[in-house]
Amino acid sequence: MTNHDNDQLLRQFFSEATSQPIADDGFTDRVMQRIADHHPSSIIHHPSPIALRTVTRLWTLFCIVVFAVLFVWFRGWEQLAVHFEVMLRTMAVQPLSINLSVLFAVVFGLLFVGTGEVISSESTRG
């Protein structure tokens, strides 16, 4: 639906209400005139689908890079190896224990990449 179609539907919807006078010293008329003077596209800018797709791809790439840098910075492979070994050795003896730093790193990565994917799916719908 285009802006023109939206404007037409709004005019049709509010046509009955505009015929009723409001006692407000012309305030409503002045406001309506100022709104009419502005073109709707100058008020709200809708980026193109290509621009949205590009931004979401860049956001996803940024999140993956940040996650990779943090993984290397905190030597995530060592932590994963230690936790995997501990898990295998203690699985039959005790319940699974969770290290909060590893959990935080995984949730951090999933959160930012997931946010990018949600934005991407929303932009492709519109």
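Reader: Which backbone oxygen does the side chain of Thr56 reach, and at what distance?

Author: In this predicted model, the side chain of Thr56 reaches the backbone oxygen of Arg53, and the distance between them is 2.8 Å.

Reader: Where is Thr56 found, and is it buried or exposed?

Author: Thr56 is found in helix α4, and it counts as buried because its relative accessibility is 3%, where the cut-off for buried is under 20%.

Reader: What about Thr60, what does its side chain reach?

Author: The side chain of Thr60 reaches the backbone oxygen of Thr56 at 2.9 Å, so to speak of the two together, Thr60 also has its place in helix α4, and with 13% relative accessibility it counts as buried.

Reader: Which residues is Thr60 in contact with, leaving aside its neighbours within four places in sequence?

Author: Once those neighbours are set aside, Thr60 is in contact with Val113, Gly116 and Glu117.

Reader: Which residues are buried in α4?

Author: Thr56, Thr60 and Cys63 are buried in α4. As a general point, an α-helix has 3.6 residues a turn, so residues three or four places apart point the same way.

Reader: How many residues does helix α4 have, and how far does it reach?

Author: Helix α4 covers residues 49-73, which is 25 residues, and from its first C-alpha to its last it reaches 36 Å, close to the 36 Å expected at 1.5 Å a residue.

Reader: What follows α4?

Author: Arg75 follows α4, and its phi is positive, near 50 degrees, although Arg75 is not a glycine. The place of Arg75 is in the loop between α4 and α5, the latter being residues 76-90, and at 49% relative accessibility Arg75 counts as partly exposed.

Reader: Where is Asp25, the residue with phi near 55 degrees?

Author: Asp25 has its place in the loop between α1 (3-18) and α2 (27-37). Its phi is a positive value in a residue other than glycine, and Asp25 is exposed, with a relative accessible area of 76%.

Reader: Changing topic, which residues make the nonpolar surface patch of about 510 Å²?

Author: That nonpolar surface patch is made by Ile98, Leu100, Leu103, Val107 and Leu111. Val107 is found in helix α6, which spans residues 100-125, and with 47% relative accessibility Val107 counts as partly exposed.

Reader: And Leu110, is it buried or exposed?

Author: Leu110, which is found in helix α6, counts as exposed because its relative accessibility is 60%, and the cut-off for exposed is over 50%.

Reader: How far is Leu110 from Phe67, in sequence and in space?

Author: Leu110 and Phe67 are 43 residues apart in sequence, while their C-alpha atoms are 9.0 Å apart in space.

Reader: Stepping back, how many helices and strands does the protein have?

Author: The secondary structure comes to six helices and zero strands, and from the N terminus on the elements run α-α-α-α-α-α.

Reader: What share of the contacts join residues at least 24 apart?

Author: Taking the contacts between residues at least 6 apart in sequence, 67% of them join residues at least 24 apart.

Reader: And how much of the protein is buried?

Author: Buried residues make up 7% of the 126 residues in the protein, and Thr56 and Thr60 in α4 are among the buried residues.

Reader: What does the accessible surface come to, and what part belongs to carbon and sulfur atoms?

Author: The accessible surface of the protein comes to about 11000 Å², and 68% of that surface belongs to carbon and sulfur atoms.

Methods. Residues numbered from 1 in each chain as written. Predicted model: local features only at pLDDT ≥ 70, side-chain atom pairs only at ≥ 80, totals over all residues. Heavy atoms only, no water. Patch = residues over 30% accessible without salt bridge, like charges linked within 9 Å, V, L, I, M, F, W, Y side chains within 5 Å. Areas by Shrake-Rupley, 256 points an atom, 1.4 Å probe, with all protein chains shown as cover. Salt bridge = Lys/Arg side-chain N within 4 Å of Asp/Glu carboxyl O. Helix = DSSP H or I, 4+ residues; strand = E, 2+ residues; numbered from the N terminus. Buried < 20%, exposed > 50% of the residue type's maximum accessible area, 1.4 Å probe, protein only. Expected span 1.5 Å × (residues − 1). Polar contact = N/O pair within 3.5 Å; in protein donor to acceptor, adjacent residues only side chain to side chain. Contact = heavy atoms within 4.5 Å.
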